[in-house]
Amino acid sequence: MTYLVGLTGGIGSGKSTVAKLFAELGVTVIDTDIISHQLTQTGGSAIPDIQAAFGKDSLDATGALNRAKMRQLVFSNPSAKLQLEKILHPLILRQTQTLANSSTTPYKLVVVPLLFESNQYQNWLNRTVTVDCPEATQITRATLRSGLSEQAVRAILAQQFSREQRLARSDDVILNEGTLEKLQPQITRLHQCYLQLAQRNNN
């Protein structure tokens, strides 16, 4: 059987860094953000439904999703957000499941930014881990990485679960406040734990 660990965390928490460290240990990492980008790039399988729902203005000159325009729309229009999610989420989940089933590593790490906000993954995953850091750190990292303003990052944070909500729902926590030297031992410890759980699950 496939053993699945869901990795989540708020914007700027360091999910990508943590996922990379797991990948360096030989773990299959499936990132739903990457899948989402593939589905919405030029020729992506979500593009026809997005264009039908939101019109040609939802696409850029290359025929890919106009991310800036759609980001602005979904933040200001809850019904548009739901409509976009109804198009994307089933496609993302299906592709994620296909990738998980085709992998042969003892366990798979599935990166889902809005894991607890969505009800799609809860019954599929065996375990969940949250990458956690103070909100101030999230804002600093997100503004530096993405070029978004502090106001824009705070608007994203407001639409995500709080730290407390994520931590209450998560089986494990990775604290990512400082350096890689502090992060690496946490990854190594959890990796050994997940290997044991996967082996027990498969016996």
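Helix 5 of this predicted model bends by about 30° at Glu-85, the bend at a residue being the angle between axes fitted to the seven residues ending there and the seven starting there. Helices (H or I, at least four residues) and strands (E, at least two) are DSSP runs, numbered from the N terminus. Residues are numbered from 1 along each chain as its sequence is written. Because the model is predicted, local features need pLDDT of at least 70 and side-chain atom pairs count only at pLDDT 80 or more, whereas totals for chains, interfaces and linings use all residues; side-chain values use heavy atoms, with hydrogens and water left out.

Helix 5 comprises 25 residues, 78-102, and spans 36 Å from its first C-alpha to its last, close to the 36 Å expected at 1.5 Å a residue. The expected span is 1.5 Å times one less than the number of residues. Several positions of helix 5 are buried, among them Leu-84, Ile-87, Leu-88 and Leu-91, where buried means under 20% relative accessible area, exposed over 50% and partly exposed in between (1.4 Å probe, protein chains only). In an α-helix there are 3.6 residues a turn, so residues three or four places apart point the same way. The cover over the buried residues of helix 5 includes strand 1 (3-8), strand 2 (28-31) and strand 3 (107-111), together with helix 2 (32-39), helix 3 (47-54) and helix 4 (67-76); contact is defined as heavy atoms within 4.5 Å.

The strands are arranged in an open sheet of 5 strands in the order 2-3-1-4-5, with parallel pairing. From one strand to the next, the twist averages 25°. Two strands are taken to pair if DSSP finds at least two bridges between them.

Strand 3 is paired with two strands of the sheet. With strand 2 it pairs in the parallel sense over 4 bridges, and Thr-28 stands opposite Lys-108 of strand 3. Strand 1 is joined to strand 3 by 5 bridges, also in the parallel sense; here Val-5 has Leu-109 as its bridge partner, and Leu-7 stands opposite Val-111. All 5 of the 5 residues of strand 3 are buried, so this strand is largely enclosed by the rest of the structure. Tyr-107, Leu-109 and Val-111 point one way from strand 3, while Lys-108 and Val-110 point the other way.

Strand 1 is likewise mostly covered, with 6 of its 6 residues buried. Tyr-3, Val-5 and Leu-7 lie on one side of strand 1, and Leu-4, Gly-6 and Thr-8 on the other. Strand 1 also pairs in the parallel sense with strand 4 (residues 127-132), over 4 bridges, and Leu-7 stands opposite Val-129 in strand 4. The sheet continues from strand 4 to strand 5 through 4 bridges between parallel strands, where Val-129 has Asp-172 of strand 5 as its bridge partner.

Helix 2 packs on the sheet, touching strand 2 and strand 3, and its direction makes about 50° with that of strand 2. Helix 9 lies across strand 1, strand 3, strand 4 and strand 5, and runs at about 160° to strand 5. For these angles, axes are lines fitted to C-alpha atoms, for helices over the stretch in contact, and the values run from 0 to 180 degrees between N-to-C directions.

Aromatic pairs were also identified. Rings of Phe, Tyr and Trp (its six-membered ring) pair if their centres lie within 6.5 Å, with planes under 30 degrees apart counted as stacked, over 60 as edge-to-face and the rest as tilted. The count by this rule comes to 3 aromatic pairs. Phe-22 and Tyr-194 form a stacked pair, at 6.4 Å centre to centre and 25° between the planes. This pair links distant parts of the chain, 172 residues apart: Phe-22 belongs to helix 1 (residues 15-24) and Tyr-194 to helix 9 (residues 180-202). Phe-22 counts as buried because its relative accessibility is 0%, and Tyr-194 is buried at 0% as well. Tyr-107 and Tyr-194 form an edge-to-face pair, at 5.5 Å centre to centre and 70° between the planes. Tyr-107 is in strand 3 and Tyr-194 in helix 9, so this pair ties together parts that are 87 residues apart in sequence. Phe-22, Tyr-107 and Tyr-194 form one aromatic cluster.
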